[in-house]
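Open the structure in your viewer and keep the selection tool at hand.

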Amino acid sequence: MSEGVAYQAGAIWSLFLGDYDGETKIKKLLEHGDFGIGTFQGLDGELVALDSKIYQVPATGCALDVTNQENTVPFAVFTKFDNTVKPTEHSSTASSFQEFEKIMDELILKEHESLNYFYFIRVDGTFPTMKVRSLQKQVRPYQRLSEIQKKSQVEFTYEHTKGTLVITRFPTYLKTLTVPGYHIHYIDDERTIGGHVLGFSMSQTAQIRIVQCKKFNLDLNETVDFGKLATDEATLDGDLVNIEGDRK
């Protein structure tokens, strides 16, 4: 059993409301871990990090290694991933996002006995179908993320790819701070394509590693926008459904 520390830059509710000016440099993220997900300044693509490398998947859908660049992020979640964790061989197919969630919940309960902690999950496997998205870079004045998604989301569907799912699973009680439930990004083995996962199917050849975190460190943005934001829980719930609810 492996335990880690979850580190997060920014809060999900501020991202939902349009706080896209990141202050945290990706080099700082690597001080806190080598595995994680997030987005970049101005929502300029999806962030996928594994094996101490950080990749940016912009609206072109093509992954870029930005590990040594000066990019900043408004939101990211990282941990130091223990790759010595013995992988669990996935023994059945998953044909939908919901089926995968059920499989993963059962596996977490089997290995860690609780869904109330924070989990980072690495899944290496073959994916008969993979549907991902990215967003076009935004400029001021920023709109709410739910509005941007309608106009600026770019989707890609791939068949028979091999790669890695980089996953966080956080409990519902943290829904104003981070994405509750499963939040999944993908990158292929060649590190050429990826994005925020909307749906997929998985073959039985997958290997799954889980790191449990009982500590959560948070750095809030110190932007002018963050200091002026105001919202309510009902609004956030609606945004979460609109933004994450189209998974298949």
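What follows is a tour of a predicted model, taken one selection at a time.

**Stop 1: the nonpolar cores**

Select Leu15, Tyr20, Leu43, Leu50, Phe120, Leu145 and Phe170. These have the most contacts inside the largest nonpolar core, which has 31 residues. Now select Leu107, Ile108, Tyr119 and Ile167. They are among the 28 residues of another core, which lies apart from the largest one. In soluble globular proteins, nonpolar side chains tend to be buried together.

**Stop 2: the largest pocket**

Next, select Thr88, Glu89, His90, Ser91, Ser92, Glu99, Lys102, Ile103, Glu106, Leu107, Lys110 and Ile208. This set lines the largest pocket, and the space in that pocket comes to about 190 Å³. Colour the lining by class: three residues are nonpolar, four are polar and five are charged.

Which element gives the most to the lining? Show the chain as a cartoon to find out. Helix H3 does, with six residues. Strand S9, residues 88-89, and helix H3, residues 97-112, each supply at least two residues of the lining.

**Stop 3**

Keep Ile208 from the pocket lining selected. Isoleucine 208 sits in strand S14. Is isoleucine 208 buried or exposed? Its relative accessibility is 3%, so isoleucine 208 counts as buried.

Show what surrounds isoleucine 208. Leaving aside neighbours within four places in sequence, its contacts are Lys86, Pro87, Thr88, His90, Met104, Leu107, Ile121, Arg122 and Val123. The separation is 9.2 Å, although isoleucine 208 and methionine 104 are 104 residues apart along the chain.

**Stop 4**

Go back to the pocket lining and pick out Lys102 and Glu106. Lysine 102 and glutamate 106 form a salt bridge, with 2.8 Å between the closest N and O atoms. Both residues lie in helix H3 and are four residues apart, about one turn of the helix. Lysine 102 has a relative accessible area of 54% and is exposed, while glutamate 106, at 45% relative accessibility, counts as partly exposed.

**Stop 5**

The structure holds 15 salt bridges. Select aspartate 219 and lysine 28, whose side chains meet in one of them, at 3.1 Å from N to O. Aspartate 219 is partly exposed, with a relative accessible area of 28%. Lysine 28 is partly exposed too, with a relative accessible area of 34%.

Move on to aspartate 51 and arginine 191. Their closest N and O atoms are 3.9 Å apart, and the two residues form a salt bridge. Aspartate 51 is in the loop between strand S4 (46-50) and strand S5 (53-57), whereas arginine 191 is in the loop between strand S12 (181-188) and strand S13 (194-201); the pair is 140 residues apart.

**Stop 6**

Most residues other than glycine have a negative phi, and most peptide bonds are trans. The last selections depart from this pattern.

Stay on aspartate 51 and look at its backbone. Phi is positive there, about 55 degrees, although aspartate 51 is not a glycine. At 39% relative accessibility, aspartate 51 counts as partly exposed.

Now select glutamate 113. Where is glutamate 113 found? The answer is the loop between H3 and S10. Glutamate 113 has a positive phi near 70 degrees. With 70% relative accessibility, glutamate 113 counts as exposed.

Finally, select arginine 140 and proline 141. The peptide bond from arginine 140 to proline 141 is cis, and its omega is near 0 degrees. Proline 141 lies in the loop between strand S10 (118-135) and helix H4 (145-152).

How values were computed. Residues numbered from 1 in each chain as written. Predicted model: local features only at pLDDT ≥ 70, side-chain atom pairs only at ≥ 80, totals over all residues. Heavy atoms only, no water. Core = buried A, V, L, I, M, F, W, Y, C linked by side-chain atoms within 4.5 Å. Buried < 20%, exposed > 50% of the residue type's maximum accessible area, 1.4 Å probe, protein only. 1 Å grid on protein atoms, 1.4 Å probe; cavity = no way out; pocket = protein on both sides within 12 Å on 5 of 7 lines; lining within 4 Å. Points joined across faces, edges and corners; volume = space filled by probe spheres on them. Nonpolar A, V, L, I, M, F, W, Y, C, P; charged D, E, K, R; others polar. Salt bridge = Lys/Arg side-chain N within 4 Å of Asp/Glu carboxyl O. Contact = heavy atoms within 4.5 Å.
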